[in-house]
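Thanks for making the time this morning.

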Amino acid sequence: MVTFLAGGTGTPKLLDGATRVWDPAEIAVVANTGDDVELGGHLVCPDVDTVLFAGGGVLDRETWWGIADDTTATHEELRRLADEVGLGTAPHYLAAEAQTAGREIARWRRFSGVGEFMEIGDRDRAVHVTRTSLLDEGRTLTEVVRTLADAFDLDVELLPMSDDPVATLIHTADGEALHFQEYWVARRAEPAVADVEFRGAEDAEPTDAVLDALADPVVIGPSNPVTSVGPMLALPGFEAALSATPVVAVSPFVGDEVFSGPAADLMAGVGRDPSTAGVAAAYPFADAFVLDTDDPTEIPERRVERTDTRIDDASDAERVARACERALAAVTDGEPEADAEVTE
């Protein structure tokens with residue numbers, strides 16, 4: 001078995017190639033849930049659903065969000081109604097007392113559906129309604145995700161990082177506290193980041209299924225270290241589990257240039273160097289790294305495999321996955337630290 005930590009788009013893209021390298025039945029994917037948001041009463045799990053839709057063959061691969069060719073009639077009507085009566089389409093974060101009322105899994109991440117600041121497709125919405133309804137029937141998030149994985153005929157095992165609520169909140173230089181989705185979707189990552197909080201993490205736990213998966217070798221794809229992987233590392237016992245197993249991480253940077261997304265701003269905001277060197281410092285438990293051939297970074301005392309790490313299609317993903325396979329084999333077999341480049 002091999003376990004992937006997934007958040008954002010980096011690791012889901014890598015999984016396109018991982019399933020060519022490893023038997024999909026031998027792959028577990030632990031997905032970040034710090035980005036989850038309850039919107040209009042329905043729990044939306046973006047990082048879970050990207051893996052779910054990609055594995056189910058329905059992901060919109062232009063946006064890496066939602067279902068391909070989905071309609072948006074309900075979303076458009078919600079925005080029309082809000083505009084018609086002057087309510088606007090900005091995020092409507094619910095009041096503090098509402099954040100801890102009702103289902104616990106939605107704590108600190110509740111938004112009104114008025115104006116619906118995130119675009120939700122009609123088929124996509126059916127997934128959120130089903131997920132929320134199954135939660136309200138008394139199932140855990142892990143059980144619900146397994147049910148949805150069956151519905152999409154997923155080959156890999158998909159696990160949410162916890163059945164407990166963890167909310168990623170961005171604290172800005174202007175003193176605001178924004179849920180990650182408000183910062184990223186509504187504000188386009190424009191506010192200057194002063195800190196990042198994983199609210200609820202200290203009281204949350206990784207599930208038994210997640211801890212079992214972390215007993216196997218782990219690959220951290222080229223995901224955002226702060227908001228995609230950070231919520232997992234904030235869970236009690238999670239980092240200790242990674243320290244006890246072979247771990248390979250793919251850098252989302254080439255030197256100090258990030259491939260995509262707000263990783264650089266977020267890393268700088270939490271006081272880390274926005275670079276591959278900063279990623280290595282953030283992952284002290286990682287035994288090996290997969291770096292781009294153009295990345296000048298040296299990581300002493302840890303195994304480094306080099307390849308072209310840009311992932312634009314499944315062939316690219318397979319190339320990077322094979323570099324991960326080599327790195328895992330090296331650290332599992334106890335080979336000495338080396339900086340190896342393989343041209344494929």
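Let me start with the sheet, where three strands come together in the order E8-E7-E9, forming an open sheet in which the pairing is antiparallel. Its edges are strand E8, covering 177-179, and strand E9, covering 193-199, each of which pairs on one side only. Going from one strand to the next, the twist averages 30 degrees. Please keep in mind throughout that this is a predicted model.

If we look at the pairing of E7 with E8 in more detail, strand E7 takes in residues 167-172, and three bridges join E7 to E8, the two running antiparallel. Within that pairing, Ile170 has Leu178 of E8 standing opposite.

Is Thr297 buried or exposed? Thr297 counts as buried, because its relative accessibility is 13%, and the cut-off for that class is under 20%.

As for its surroundings, once we set aside the neighbours within four places in sequence, Thr297 is in contact with Gly255, Thr276, Ala277, Leu291 and Arg306. There is also a polar contact of 2.6 Å, which joins the side chain of Thr297 to that of Asp295. Finally, Thr307 lies 10 residues from Thr297 along the chain, and the C-alpha atoms of these two residues are separated by 13 Å.

How values were computed
Residues numbered from 1 in each chain as written. Predicted model: local features only at pLDDT ≥ 70, side-chain atom pairs only at ≥ 80, totals over all residues. Heavy atoms only, no water. Buried < 20%, exposed > 50% of the residue type's maximum accessible area, 1.4 Å probe, protein only. Contact = heavy atoms within 4.5 Å. Polar contact = N/O pair within 3.5 Å; in protein donor to acceptor, adjacent residues only side chain to side chain. Pairing = 2+ DSSP bridges. Helix = DSSP H or I, 4+ residues; strand = E, 2+ residues; numbered from the N terminus. Axes fitted to C-alpha atoms, helices over the stretch in contact; angles between N-to-C directions.
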